[in-house]
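Let's walk through a two-part question: how do the pieces of this protein meet, and what local geometry deserves a second look? Have the viewer open as you read.

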Amino acid sequence: MSTTTTFPKRVRTEVPGPRSRAINEERTRYVSASVAPLLPVYIENAEGSVLTDVDGNEFIDFGCGIGVTSFGHSNEAAVDAAIAQTKKFTHTLFSVTPYELYVEVSKLLTEITPGDFEKKSVLSSTGAEAIENAVKIARSFTRRNGIAVVDHGYHGRTNLTLGLNYKAQPYSAGVGPRPGEIYRIANSYPFRDRLDGAEAARRGIAQLEKISGADNLACLVIEPIQGEGGVIVPAPSYLETLQQWCNDNGIVIIADEIQTGLGRTGKLYASEHFGFVPDLVVSAKAIAGGFPVSAVTGRADMMDAIPAGGLSGTFSGNPVGCAAAVEVIRELRAPGTLERTAEIGRKIQDGLRALQDRHAVIGDVRGLGALHGVELIDADGAPNPAAFKKVAAAAADRGLLVMGGGSDGHVLRLLPAINISDELLDEALAILEEAFAQL
Ligand code: PMP
C-alpha cells in the first residue's frame, strides 16, 4: 500500500485548529455539556466524502454523521429535490392536510423492505421515535406488554428507548426509573462467545422463557448487525432461529435497521444477508440524505392496529425530507449501486485484514459493505478503548474521521459513503495504516 506522501495534504493546522478551538470555547459556554462532539472540528462545507472545517482542514468522512449521508454530502439529486419542494411548501402536517410525497415514500418503503407480504408504512422524524412507534404497534396488535432486546443493543435516547439500550452510561443513568416490561438476553457475538448462531439463539430463548415467558412478549427489537455495540455481526442461524421462535409464539419481530438499512451493508436492508424476515422494519438515518425522516414499515394488519390518530406528530414525514427520500431510494435502486457497496466492503475488509496481520491490537475485523468494525484488544484479549482513542486521534491528525463503537468504546467503526471512490478509500486505508503504526 502506498503512504500518505502520495496523497494531498489535507490538514494544515493542529486538530482542532485555532478557529475551531475558538468556536468550541463558545460551545462550552452556550451549549449544554450533555451534548459532546466526538471531534470538535467545526464544519464549514461538505461535499461527497470530504468534510472541510473552518480552519481549511479536510477530513475524509468515514462516519457520514453515523451512517446518514450514504451517497455523500450534498448529494445533488436529493438536494435539488429538497430545494424544489421547499419552494412549493415546507409543511402542512400530513395528519391535517396530506400530500402525495408522504404516500410515495410509504409505498417505496413497502417495496424495498424485506418480506413478501402486504405492507404499510408510517413516517416520523427520528430513529428513536420510529422505534417507539414500532413497539406501540406491536403492543397494540398483540395486546401484550413485554419487549425483548439483546445485549449490546442501542435504540435511542427517548424514555422508552433508554430502557431498550444495553448501556446505562451515559444514556440512562441518573435520569429516573427506566421503563418496565423489558427483557434483555445475550446476543450472538462470535468473536467473544464462540457459539454458533443457533446455540446463541437457543441460549437467549431459554432466558426469555424464564424471565418473561413467551406469551407475555409483544415483540423482539433487534439490530440485524449491531452498530453502536461495535458492528457485531451475528453468527449464521442466530436471527433465523430467533425468528422461528417468535413466529411460533406470536411475538412481533422488529428489526432496527436504522443504521444498517438503505444500502449500508451492500443489500437494501441487512436482514437480507441472514434470510431474516422481520414483521416490522425501522428505517431512519440514510433515508433522506440528512433530512430527518424515519419510518416503520411492515405487515399491513399490524400496521393498522392502533386507532386513527394514534400515530403521527407535527413534523412526521416532513415534505422536504420526503422529496429527498424519493431521490435517495431511486439512487439506491439504480443498477450497480449495491454491487459497488459490496465491492467497497471487500476492499475495506482486505485492507483491514492486512493491518490485522501486522498489529496484535486488532482482535477482530468484521462487517459488510460500508459498515465495518475493528475490535481493539490488549495483550489479554480484553477491550482496549485507549487504543481506539489513539488511533482515532492519529487518523484525525492526518485527515480521516473515524467513529467509535463497542460497549467499552474499543471498536473502530467505519461508515464511509456507500459510493465512495477507490482513490479516497485507498487514501483512508493508508492513513489508518499510519495511525496503527503510531501505537
Ligand atoms: N437505532 C440504531 C441502531 C441507531 O444506530 C440509532 C442512532 N445511532 C438509533 C436507533 C437512534 O436514532 P436517532 O438518533 O435518530 O433517534
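The report below covers the domains, their interface, and then some local details.

## Ground rules

This is a predicted model, so to speak of local features a pLDDT of at least 70 is needed, while side-chain atom pairs count only at pLDDT 80 or more, and totals for chains, interfaces and linings use all residues. Residues are numbered from 1 along each chain as its sequence is written, and side-chain values use heavy atoms, with hydrogens and water left out.

## Two domains

The domain assignment gives domain 1 as 47-71 + 337-437 and domain 2 as 76-332; such bounds come from an automatic or database assignment. Taken over C-alpha atoms, the centres of domain 1 and domain 2 are 25 Å apart.

Where the two meet, 35 residues of domain 1 are in contact with 31 residues of domain 2 (contact means heavy atoms within 4.5 Å). About 2500 Å² is buried between domain 1 and domain 2, with carbon and sulfur atoms giving 58% of that area. Buried area here is the accessible area (1.4 Å probe) that two parts lose on being put together, summed over both. Of the area that domain 1 buries against domain 2, Leu338, Leu368 and Ser407 supply 24%, more than any other three residues.

## Polar links and the domain 1 face

Two salt bridges are counted between domain 1 and domain 2; the term requires a side-chain nitrogen of Lys or Arg within 4 Å of a carboxyl oxygen of Asp or Glu. The interface also holds 14 residue pairs in polar contact, both residues at pLDDT 80 or more. A polar contact is a pair of N or O atoms within 3.5 Å; within protein, one must be able to donate a hydrogen and the other to accept it, and residues adjacent in sequence count only if both atoms are side-chain atoms.

Which elements give two or more residues to the side of domain 1 that touches domain 2? They are α2 (64-67), α12 (337-358), β11 (362-368), β12 (371-376) and β14 (411-414). These helices (H or I, at least four residues) and strands (E, at least two) are DSSP runs, numbered from the N terminus. Strand β11 provides the largest share of that side, five residues.

## Salt bridges in the whole model

By the same rule the total comes to 18 salt bridges. One of them joins the side chains of Arg10 and Glu58, at 2.6 Å from N to O. This pair links distant parts of the chain, with Arg10 in the segment before α1 and Glu58 in strand β3 (residues 58-62), 48 residues apart. Arg192 and Glu375 also form a salt bridge, with their closest N and O atoms 2.7 Å apart.

## Rings and backbone

Five aromatic pairs turn up in a search of the whole structure. Rings of Phe, Tyr and Trp (its six-membered ring) pair if their centres lie within 6.5 Å; planes under 30 degrees apart count as stacked, over 60 as edge-to-face and the rest as tilted. Phe89 and Tyr99 have ring centres 5.7 Å apart and planes at 65 degrees, so this pair is edge-to-face.

On the backbone, the peptide bond from Val15 to Pro16 is cis, with omega near -5 degrees, and Pro16 lies in the segment before α1 (18-30). The bond from Gln169 to Pro170 is cis too, with omega near 0 degrees; Pro170 is found in the loop between α6 (159-164) and β6 (182-185). Ile66, in helix α2, has phi near 60 degrees, a positive value in a residue other than glycine.
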